Structures are given as structure tokens and as C-alpha cells.
Amino acid sequence: MRKIRILWVDDEIDLLRPHIIFLREKDYEVETANNGADALEIVSKTHFDIIFLDENMPGLSGLETLNRIKNIAPNVPVVMITKSEEENIMDEAIGSKIADYLIKPVNPKQILLTLKKNIETKRLVTRQTTSAYQSEFTQIGMKLNDRLSAGEWTELYRKLVYWELELGTSDDAAMDEILVMQKNEANIAFFRFIKDNYLKWFGKPLGERPMLSTDIFRHKVFPILEMNRKVFVLVIDNLRYDQWRMLSRVVNDYYITEDESLYFSIIPTATMYARNSMFAGLMPSEIEKLYPMLWDDDDNEGNKNQHEEELLRKQMLRLGRKEKLYFDKVSNLKSGKKLADTIQAISDNDLSVMVFNFVDMISHARTEMEMIRELASDEKAYRSLTMSWFNHSSLLDLLKSLAENDIHLVITTDHGTIRVNNPVKVIGDRETNTNLRYKLGKNLNYKAKQVFEVPNPKGAFLPSRNVSTSYIFAQGSDFFVYPNNFNYYANYYNNTFQHGGISMEEMIVPVITLVPKK
């Protein structure tokens, strides 16, 4: 491992010889200078990991030297060493972006603490995080051999996301690979859990089954209205729990998280099914039966979600709710710029709902555009791209304004997404749908062990196009490809983000209740 290189600049450097020897014995490489001019010449020729700089030197002062160092090596941390804590000197030094400061006389422990804080923090965090995950790795693995309940699955998924984000801040690629392997193992076990239990949930009250898409408004939104609070519901299409955990770091500057729950999206984990069910408070076949004019059998996802506002109004009517409703959709950047204009409309209504499609747009663009695929090359980069969008979006400006206006907030999604990498052959006729993670049709040919098959759609409350329609769902990171031109499509869709099937990432999704900070 390369030694950490230190430059120590002090006009009384000879008096600091014991400190220099101490650092060298600790395996640091230390170079010295006794004036600012010499220091600048050294910095212009050599890279240092950190610079200790005396504030009070003849000739070029410490502050003058600091400013010139920053012009030469702006990213190198500089620790100012001073004999006094005069406020104007420290304000000027801090304004010039010093990393830290020490008051003379300094002692070895102070120096070591400063080095660890400013240079070795990432290395120490990596080591501690890796060690902590290694300790929990075995426990998670043992849990995967148990028969977990739905609640235990949500807690296990929380834990995996926690470690994914923690390890994402470290440089230990080996541990990243181990976590990916454990997530894959977990998704295999989760798939078995869904096959064994999903169809048993229907007809049971909440408590004897997990919260589903159909429960969100009745159990997470309407109770807030009953407390005479104005509520803004933000539905971010295709938002995973790990992405929410990233966004929460910004949202929590303006809102306090009152409740952070995870619920189960219905399958197919596709917008046309899951989001319509959320707004209607009904399963897809129930929507088709009660409101046939509001259910479209077309395979086009966009067409199937044209009636979300009407479905929500129908749910409110069935439950005797008379609150004033404002509903809006944002599906492109142009409409996003108009968000600030909606604040008055939101303030004038009891319940406001906005569907935001930008995360879903990133996911689809990544499949179709090579540049976006490179920008979001893996899970960490995908989260980073989502975070970058949110930080610079008009949506964030809207949330800030709503917090100032004491509007309560519920953030949720219809389903998540998973990065696929294992093509699975399936054969279907011309009427078979195009989604890569689930298929419905009357002449499907597949290997039963590779899928969750629902030969009787009524049992899963799914619509049937005809009497012989069946559904199949992909597991984990699988995706369906037709045998015709198999290699081309397998390569084209490999390593893309898809949804519609069965995985923790797609099915276990967040619903968060937040109150404005006051």
C-alpha cells in the first residue's frame, strides 16, 4: 500500500523534529519546508495527501500561502496550525477552505486524529463496514433457510438495502460482489415464498396478509384526511426502496418522517396493473368487472393508465369520502417546469395526488440509449443518477414550498425494478404481450420450474382475454426472450432494468408518511 505523503510547513520546523520522527515511525512519508515560497515550489512538483501549514510565518504568511496552495492543488486538504484562535484569522482560514486547524503546541495524538479524520476516514469506514457486514452475512444466510413471514421478508429486505448503501460508500469491490450474490440468493428464496403464499392472501383482512397496492389510499392516505390535514400524495413511478433511502436524505431537510413502511406491489409489477389497483383500491379483474369502460385490454402501458383520476374518485365515492381532490400527472420535463404553478391548486384542495414518471423514464432510456446505460452502469450509478435528477428537479422546489405551507406528504410508488441478466426462453403466439418479466396468452410454452405460473387468472384477480389465458412471471434477474433471434435480444436486454416479475426490488416498495418541519 502506498504511504501517505505529508508536507509540513513551519518557520520553526527544527523544533518540530520529534513530531516528524514520530510520523515517520508510524509509516507516514513526511517532507518539510520552513517558508511559504519553498512550500509552493514543492507543492507544484510533488503530490501530497495532506499539508500542515503554520499560520504565522515571516515572508509569505500562512493565509497567503494557503490561497496559493489552493490554486496549485485545490483538492489537497490543508490543516492550519496557529498560536491563537483569533476569530478574524480563523474565519479567513475557514473561508479559504481549510480542512482543519490545530492550536500550538500540538501533540502527537492531535496530529494522528487529524490525519485519520481527513485522510484515512474512508479507509477506516470501509474496514469497519466490511467487518460489520461480514458479521451479519452468516445471520442473513441462516434466515434465508427459514420459512419467513411477509413481515420478516420486508425486514430482511430493509437490511439488505442498508448494507448495499453502506458498502456503496466503501472501496471494497469484493464485498460488493458478495452482497450481490446474497441478494440473488435472497431473491430465489423470495420467489419461492411468493409462489407458496401470494394466491392465499386474497380474501384475508389486513393483518392476516401484508399490505398490498389496493390498501394504500384506504390505510395510508385517508386516515390523514380524517385528522383534518391537507395531504399531498406523490407517486413516483418505478421507485425502489434503495432509491427512496437516497432521496430521503434531501427530503428530510424539510420533512420529518412519521412512518416509513414497505408494502407488496401486486403482480404483474407493471404500471398498468399495480398503479390502477392502487388508485381504484381494487384488483385488476375487479376494476374490469365494475368499471369496464376504465379498463383497457390493450398491451400499451400508457393507454392502460389514462383513467387513474376517475378510478381514485370511484374509490372515494365507494368509501363515502367527499374531500376535494386535485390530480395531476408529470410525464416530461416541460410539464415538470410548471410544478410551482400547482401550489395554489394543492392548497385549495383537501387531497392532492401527483404521478411523477421521471424515474421510469430513466429506466426506459437506459435500455434504449447507450449514453444513459453508461451513466447508470450499475445499481450504485443508477441511484446516483436518480439522486442527481431529484436534486436539480422542480419537484424538489415544490416539496420545499409545500412544507412551508404545512401540507402533509405521502410518497410512494406502484412497483420497483430489477437489473436483469439471465435470458429464459418462452414461446407465445402473436397475441402474447411484450413485457420481458411476465407473459399472458393462451399458447405459452415454457419450463415450469423457471416461472410462477397462474393458469387460472381469476385466482390472482387478473383479467382474462379468453378462457384459456394464463400468466407466467419471471423470477429474480430472469427475463423472457423468444427463441427467434434469441441471441440478439438476449444481448440487447441484458443488464437493463425491467419490471413486471417477482423480486424483492419489484414487489417490496415504500410508502412514506411525512410531516413538515416547523
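# Notebook: cavity, helices, rings and backbone

I began with the lining of the second largest cavity, which by class has 1 nonpolar, 4 polar and 4 charged residues. For the classes I took Ala, Val, Leu, Ile, Met, Phe, Trp, Tyr, Cys and Pro as nonpolar, Asp, Glu, Lys and Arg as charged, and the others, Gly among them, as polar.

The model is predicted, with local features requiring pLDDT of at least 70, side-chain atom pairs counting only at pLDDT 80 or more, and totals for chains, interfaces and linings using all residues. Residues are numbered from 1 along each chain as its sequence is written, and side-chain values use heavy atoms, with hydrogens and water left out.

**Cavities**

I listed the residues that line the second largest cavity: D429, E431, T432, L440, G441, K442, R465, N466 and T469. Its volume is about 40 Å³. The count of cavities of 30 Å³ or more comes to 2. Rolling a probe the size of a water molecule over the atoms shows where empty space is left. I used a 1 Å grid over the protein atoms alone; a cavity is a set of points where a 1.4 Å probe fits but cannot get out, and lining residues have an atom within 4 Å of a point. Grid points are joined across faces, edges and corners, and the volume is the space filled by probe spheres set on the points.

**Whole chain**

I looked up the secondary structure of the protein chain and found 22 helices and 18 strands. Helices (H or I, at least four residues) and strands (E, at least two) are DSSP runs, numbered from the N terminus. Of the 518 residues, 53% count as buried. Buried means under 20% relative accessible area, exposed over 50%, and partly exposed in between (1.4 Å probe, protein chains only). For contacts with a separation of 6 or more, residues 24 or more positions apart account for 75%; a contact means heavy atoms within 4.5 Å.

G281 follows α11 and has a positive phi, near 70°. In the loop between β7 (255-264) and α11 I found P268. The peptide bond from I267 to P268 is cis, with omega near 0°.

**Other backbone entries**

Most residues other than glycine have a negative phi, and most peptide bonds are trans. I noted a further cis peptide bond, joining K104 and P105, with omega about -5°. P105 lies in the loop between β5 (100-103) and α5 (108-118).

Two asparagines went on the list for positive phi: N228 is near 60°, and N238 is near 70°. Are they buried or exposed? N228 counts as exposed because its relative accessible area is 74%, whereas N238 counts as buried because its relative accessibility is 0%. N228 lies in the loop between α9 (216-225) and β6 (231-236), and N238 in the loop between β6 and α10 (241-251).

**E505**

I located E505 in helix α22, residues 504-507. E505 has 6% relative accessibility, so it counts as buried. Which side chain joins that of E505 in a polar contact? The partner is K183, at 3.3 Å. A polar contact is a pair of N or O atoms within 3.5 Å; within protein, one must be able to donate a hydrogen and the other to accept it, and residues adjacent in sequence count only if both atoms are side-chain atoms. Leaving aside neighbours within four places in sequence, E505 is in contact with Y157, K183, N187, R240, G416, T417 and I418.

**L436**

I found L436 in the loop between β12 (422-425) and β13 (438-441). L436 counts as buried because its relative accessible area is 11%. With neighbours within four places in sequence left out, its contacts are F479, F480, Y493 and Q498. L436 and Y493 are 57 residues apart in sequence and 8.9 Å apart in space, C-alpha to C-alpha.

**Aromatic rings**

I searched the whole structure and got 29 aromatic pairs. One of them is Y471 with F473, stacked at 6.2 Å centre to centre and 10° between the planes. Rings of Phe, Tyr and Trp (its six-membered ring) pair if their centres lie within 6.5 Å; planes under 30 degrees apart count as stacked, over 60 as edge-to-face and the rest as tilted. Y471 counts as buried because its relative accessibility is 1%, and F473 because its value is 0%. I also noted one aromatic cluster, formed by W153, F190, F193, Y198, W201, F202, F264 and F461.

Terms used: On a 1 Å grid over the protein atoms alone, a cavity is a set of points where a 1.4 Å probe fits but cannot get out, and a pocket is an open set with protein on both sides within 12 Å along at least five of seven lines; lining residues have an atom within 4 Å of a point.
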